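I opened the model and kept notes as I went.

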Amino acid sequence: MRTILEVQKQLLPDLMDVLKKRYTILHQIMLSDVIGRRTLANSMQMTERVLRAETDLLKAQGLIEIDSAGMKISEAGYNLLQQLEPVAKELFGLSELEERIKQAYGLQKVVVVPGDSDISPYAKRELGRAGAKALSSIMNDNDVVAVTGGSTTAEVAEQLTPPTSMKGVWFVPARGGLGESLEIQANTIASTMAKRTGAQYKLLHVPDLLSDHAYESLIQDPGVQEILQLIRQSRIVIHGIGDAVEMAKRRKLAPEIIDELQEQGAVSESFGYYFNGQGEVVHTMLTLGMRLQDIERTDVVIGIAGGKSKAAAIHSVLRFGQEDILIIDEAAAEVIVADMETI
């Protein structure tokens, strides 16, 4: 595949550019469900006149449908995108990024999707689609799957459509989360994933951040103990990765704790643990849910995050060394690979 593409790049360089452009247009239409020409042109930084010529061709080929509501992908277009995905990864240089990160950190699998989630909602949606695909491919009946909160894992839930019902699977929140926006709480995401897969779920109705007194009280509660026991039996964990200071502020940590995190060089946050640039834990939140020893016992840990702004945080968690599958976007991957070269 790579040899053929290299030959084509030399003999027909213009063809590669056209293929990239049309693939990107078709791909963004797929991610959008229905989209207007002006909106798509703006998102691709393309004039409407140029885009019209391309979409008219795609329509003539039966790859998209256009009506008064906008453009949407046809079944033929969707099938073509599935066939082109390996070719597209080579064209955009994503396969090389995946392989370099995979080898550097001994991961089972790395998936790099096009774009930058910081500036493109389509890139974030593609992250969700890739995360849903990876999760569906490894779930077995009777699995317990723990999930953290966050906008990216919420997107995974929205994209999760397994081919068969997973009645024996349990989805659980990796930890408490009351106080965050409802849509991105771990409880909400776990229940959405269960409903989309025909699975079962249990919720953990406790705040993310606890005082010593509240922790000691809740840990004795039989209902809390029951859900914690199930959470700690998880075979699969899927989690987001956050910037340390941003997450600390979002959780309304005391200013002195935020100052301490910055002094200790905290770069990333995941599972309520804060890591420095070397992947070392520098601060732990008092929270109910998965502990580091529980994460180490799981069979598969899936990390998912995107955006150039998250690259340092992702790299920090990679250095911690518990990831098995990593799903990131192109912008983050390029920074991580560049950072690897300076070590």
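Which residues are buried in helix H11 (residues 222-231)? I found Val-224, Ile-227, Leu-228, Leu-230 and Ile-231. I call a residue buried under 20% relative accessible area, exposed over 50% and partly exposed in between, with a 1.4 Å probe and protein chains only. Seen down the axis of H11, these buried residues fall within an arc of 160°, so they line one face of the helix. The arc is taken from the directions that run from the helix axis to the C-beta atoms. Pro-222 and Gln-229 are exposed on the face of H11 turned away from the buried side. An α-helix has 3.6 residues a turn, so residues three or four places apart point the same way.

Ground rules, for the record. This is a predicted model in which local features need pLDDT of at least 70 and side-chain atom pairs count only at pLDDT 80 or more, while totals for chains, interfaces and linings use all residues. Residues are numbered from 1 along each chain as its sequence is written, and side-chain values use heavy atoms, with hydrogens and water left out. Helices (H or I, at least four residues) and strands (E, at least two) are DSSP runs, numbered from the N terminus.

I looked up Gln-233, which sits between H11 and E7. Gln-233 is partly exposed, at a relative accessible area of 47%. From Gln-233 to Gly-93 I read 140 residues in sequence and 38 Å in space, C-alpha to C-alpha.

I count two strands as paired if DSSP finds at least two bridges between them. Strand E4 (residues 144-147) runs parallel to strand E5 (residues 170-173), and four bridges join them. From E4 the chain passes through helix H8 (residues 151-159) to E5, in a right-handed β-α-β crossover. Right-handed here means that, with the strands pointing away from the viewer, the path from the first strand over the helix to the second runs clockwise. Within this pair, Val-144 stands opposite Trp-170, and Ala-146 stands opposite Val-172.

What else pairs with E4? Strand E7 (residues 236-240) does, in the parallel sense over three bridges. There, Val-147 has Ile-238 as its bridge partner. E5 pairs in turn with strand E6 (residues 200-201), again parallel, over two bridges. Trp-170 has Gln-200 of E6 as its bridge partner.

Are the faces of E4 covered or open? Both are covered: Val-144 and Ala-146 are buried on one side, Val-145 and Val-147 on the other. In a regular strand the side chains alternate between the two faces of the sheet.

Next entry: the antiparallel pairings. Strands E8-E9-E10-E11 form, in that order, an open sheet of four strands with antiparallel pairing. Strand E8 (242-243) and strand E11 (281-284) are at the edges with a single partner strand each, so one side of each lacks a neighbour in the sheet. E8 meets E9 over two bridges, and Asp-243 stands opposite Ser-268 there. Elsewhere, strand E1 (residues 64-67) runs antiparallel to strand E2 (residues 70-73), with four bridges. A hairpin of two residues links E1 to E2. In this pair, Asp-67 stands opposite Gly-70.

Next entry: positive phi. Most residues other than glycine have a negative phi. I noted two residues against that. Phe-271 has a phi of about 60° and lies in the loop between strand E9 (266-270) and strand E10 (273-276). Asn-142 has a phi near 75° and lies in the loop between helix H7 (121-138) and E4. Is Phe-271 buried or exposed? Phe-271 is buried, at a relative accessible area of 7%. Asn-142 is exposed, at 60%.

Last entry: a buried charge. Asp-329 belongs to strand E13 (residues 325-329). Asp-329 is buried but has no salt bridge. I require a side-chain nitrogen of Lys or Arg within 4 Å of a carboxyl oxygen of Asp or Glu. Lys-124 is the nearest side chain of opposite charge, 8.6 Å away. Lys and Arg count as positive, Asp and Glu as negative; His and the chain ends are not counted. What does the side chain of Asp-329 make a polar contact with? Its partner is the side chain of Ser-117, at 2.7 Å. A polar contact is a pair of N or O atoms within 3.5 Å; within protein, one must be able to donate a hydrogen and the other to accept it, and residues adjacent in sequence count only if both atoms are side-chain atoms.
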